[in-house]
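This report describes a protein chain for a reader who is new to structural analysis. Please examine the sequence and the structure shown here before reading on.

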Amino acid sequence: MANKNSKKKSLINKIKDIDLKDLIITNKDKFIDFVKHNVQFMTFVILCLISCALLRNFTINKMWVFGATFFDLSIIVLIGSLAFLLKPKKQFAYFFTVMCVITVMNIINTVYYAFFSSFASFALLASMGQTGEVADAVFEKLKLIHFIYLLMPIIFYIIHQVLVKKDYFGIIEAIEVGKKLFVEVAIVGGILLFINISSLTPTDVSRYSKQWNREYIVERFGVIVYQFNDGIQTITSKLSSLFGFEEAYVRFTEYFENKDNTPSNNKYTNKFKDYNVIVMHLESVMSFLIDLEINGEEVTPNLNKLVKESMYFDNFYPQVSAGTSSDTEFTFNTSLMPVQSGTVFVSYYNRNYVTLEKLLAEKDYYTFSMHGNKASMWNRNKMHKSLGYMDFYSQDSYNIDEEVGLGLSDHSFFIQSEKIIRDINELEIKSGNFKNFMGTIITLSNHTPFSKNDIPFSDFDVTYHTGEYDSHGNEIIYEYLDSEKNKTMGNYLKSVHYADQCLGEFLDYVRSSSDFDKTLFVMYGDHAAQLSRSQFNRFVNFDFETGEMKTEDDPTYIEYDYYANELFKNTPFILWTKDKKIRGKVSYPMGMIDALPTLSNMLGIKNDYALGHDIFEIKNNNTVVFPNGNFLTNKVYYNNSKNEYRTFDAETIDADYINERKKYAEEILSISNDIIVYDLIEKAKNEESDINE
């Protein structure tokens with residue numbers, strides 16, 4: 001046994017000691033001869049390598065990264081080696097098929113990344129129908145150059161035809177020993193792959209196995225390895241009932257046994273006990289809009305008024321993954337993070353979750369949700385039942401008499417919703433069936449792609465009026481956000497102005513109705529607008545005096561890099577009552593996962609499985625974790641992909657501070673994922689029931 005292990009170690013050390021450069025020089029003539037007699041194979045390798053490099057260029061903007069390129073090369077060589085088991089004339093069909101698969105994979109990932117800023121997953125195929133609802137948004141973000149991948153199989157086909165005319169395959173068939181070539185090429189590919197694997201750090205391996213930082217995996221391992229790993233992860237998650245459950249349950253039990261579960265006790269405890277609750281899910285509303293003016297006109301006058309008479313959290317961040325709006329709904333209601341593979345609403349809707357709706361239902365609340373879109377969008381018709389809504393008023397409950405964007409206009413939606421809520425008050429509350437009500441209102445009009453044709457009711461002017469006049473007496477007006485480059489941002493502001501107007505109309509009704517005298521309104525922006533970093537950059541660095549973009553030499557120029565863009569994605573979180581019972585601005589860093597614990601303390605309920613915190617207990621010590629492993633504190637924003645960070649106010653941070661919070665972020669993501677995939681709350685409740693019996 002010892003002899004076998006020593007031989008194995010000796011072989012590994014020999015492979016590690018291989019000098020690729022020296023190997024190539026020594027075998028230069030043999031390599032040249034191989035290339036000469038295997039033009040089709042070499043063309044296949046080069047074109048596939050270019051295709052994968054282009055994918056990185058159009059997504060993470062890193063075309064030639066050594067780690068990813070080297071991994072891609074080794075996998076492509078290994079896959080290509082199988083062709084040598086076929087006769088030369090039949091190899092083309094194999095190569096062409098593989099190349100087409102890689103081409104389709106890269107196109108899908110480019111399309112997906114353009115819309116979701118993430119890479120496609122097999123687990124997300126079940127939710128691809130959701131993108132059908134926003135097809136215009138997807139296509140708007142596409143450019144013709146994104147389909148450059150199609151050139152690879154076309155070029156390969158042309159080269160193949162040239163080789164056929166030269167009787168290349170007839171010549172090669174006479175001299176090629178296929179099985180020998182297969183072994184030699186497979187060994188080369190295997191050595192390349194082994195060198196890649198041996199260069200990995202424990203961090204690389206950990207991120208690869210967890211899969212939640214997809215950008216990092218594509219950058220470090222290449223897209224082919226990413227897609228293979230994603231397939232394995234998807235299959236594994238589907239087989240969760242057979243593998244990994246016991247280990248996950250042990251981790252889950254240990255975590256909650258060691259977690260401080262002391263109830264909050266602060267000045268907001270039971271503040272809104274026995275209040276009705278209306279949650280308003282404000283589509284794509286961002287915090288930078290608050291008090292923003294164009295030409296002296298407020299973009300969101302009603303939100304501006306609202307934050308002045310409410311408790312406004314201005315450092316609040318959604319924690320969304322590929323599920324976007326659905327991830328926000330899930331995290332808000334459960335205080336759990338989005339799942340690592342797929343989306344909860346589509347893949348894990350049939351789990352037992354502890355939610356705001358269920359906790360309030362135990363207090364004799366009637367729970368309902370309202371949305372002017374199809375009930376099947378994001379699988380809400382099934383997931384809303386799992387969350388604990390007793391009724392879901394979707395598109396079928398409304399008269400689609402006015403459409404903006406994806407469906408029923410917010411204007412009509414709010415007017416019709418007012419009647420439904422009046423009926424609920426009459427039939428469910430005043431009749432004595434329930435003590436209170438809790439409802440969620442999901443808006444729709446301010447949804448990407450923010451096309452001009454989708455916002456005909458907004459006359460908000462996004463050009464810039466200088467107040468100066470030319471020699472002909474015409475005012476000098478800059479196109480600003482109405483120009484070709486900035487029109488999407490301009491349309492977004494027009495769209496959100498319209499949505500704010502509709503919100504204002506609804507709040508006017510609320511203020512005039514006694515049905516809401518004892519009602520807590522919870523409002524949040526569900527996620528940042530689906531706009532690119534360059535669009536935000538042009539917005540923040542526009543020079544009003546010149547009508548041009550500021551240059552880096554300008555002292556007022558803002559370096560809008562990765563960190564600036566991530567920090568710009570905060571959204572409003574607002575708690576408001578007609579009696580203005582709580583007011584003020586709260587600037588503690590806070591995530592969507594903290595919403596339920598904070599509200600639970602105010603409403604007199606408690607979720608024992610919440611992973612977030614009551615923000616008034618943890619205050620400035622909070623760590624906001626994002627699904628990709630990034631995190632935010634009051635001192636730093638950490639980029640998990642690059643293992644680097646940016647501090648605020650030039651504060652010095654020691655390694656322990658970062659490492660402790662990295663460990664915390666990984667634990668939160670891991671425990672949350674286990675809860676969802678393995679349905680651990682259901683298991684825990686069953687065991688508790690058995691004990692009580």
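## A strand enclosed by the structure

Methionine 280 has isoleucine 441 of strand 10 as its bridge partner. The model is a predicted one, in which local features need pLDDT of at least 70, side-chain atom pairs count only at pLDDT 80 or more, and totals for chains, interfaces and linings use all residues. Residues are numbered from 1 along each chain as its sequence is written, and side-chain values use heavy atoms, with hydrogens and water left out.

Strand 1 (residues 276–282) runs parallel to strand 10 and is joined to it by 5 bridges. Strand 6 (residues 365–371) is also parallel to strand 10, with 7 bridges between them; here tyrosine 366 stands opposite phenylalanine 437. Two strands are said to pair if DSSP finds at least two bridges between them. Strands of a sheet pair through backbone hydrogen bonds, either parallel or antiparallel.

How many residues of strand 10 (residues 436–442) are buried? The number is 7 of the 7, so strand 10 is largely enclosed by the rest of the structure. Buried means under 20% relative accessible area, exposed means over 50%, and partly exposed lies in between (1.4 Å probe, protein chains only). In a regular strand the side chains alternate between the two faces of the sheet. In strand 10, Asn436, Met438, Thr440 and Ile442 point one way, while Phe437, Gly439 and Ile441 point the other way.

## The chain as a whole

The protein chain contains 28 helices and 22 strands. These elements are DSSP runs numbered from the N terminus: helices are H or I with at least four residues, and strands are E with at least two. Of the 693 residues in the protein chain, 54% are buried. Among contacts between residues at least 6 apart in sequence, 75% join residues at least 24 apart, where contact means heavy atoms within 4.5 Å.

## Antiparallel strands

Strand 11 (residues 464–469) and strand 12 (residues 475–478) are antiparallel and share 3 bridges. Tyrosine 464 stands opposite tyrosine 478 in strand 12. The hairpin of these strands has 5 residues between them, and glycine 473 takes a positive phi near 85° there.

An open sheet of 4 strands has the order 19-20-21-22 and antiparallel pairing. Strand 19 (624–625) and strand 22 (644–647) stand at the edges with a single partner strand each, so one side of each has no neighbour in the sheet. Strand 20 (residues 631–632) and strand 21 (residues 636–639) are joined by 2 bridges, and leucine 632 stands opposite tyrosine 637 in strand 21.

At what angle do the axes of helix 16 (residues 301–308) and helix 22 (residues 487–512) cross? The angle is roughly 50°, and the axes come within 7 Å. Axes are lines fitted to C-alpha atoms, for helices over the stretch in contact, and angles run from 0 to 180 degrees between N-to-C directions. Helix 16 and helix 22 are therefore oblique to each other. Angles under 35 degrees count as roughly parallel, over 145 as roughly antiparallel, 65 to 115 as roughly perpendicular, and the rest as oblique.

Pro301, Asn302, Leu303, Lys305 and Leu306 of helix 16 meet residues of helix 22, among them His497, Leu503 and Arg511.

Serine 512 and lysine 578 are 66 residues apart in sequence and 9.9 Å apart in space, C-alpha to C-alpha.

## Residues with a positive phi

Most residues other than glycine have a negative phi, and most peptide bonds are trans. Serine 335, which is not a glycine, has a positive phi of about 60°. Serine 335 lies in the loop between helix 17 (324–334) and helix 18 (344–347) and is buried, with a relative accessible area of 0%.

Asparagine 379 likewise has a positive phi, near 60°. Asparagine 379 lies in the loop between strand 6 and helix 20 (380–387) and counts as buried at 13% relative accessibility.
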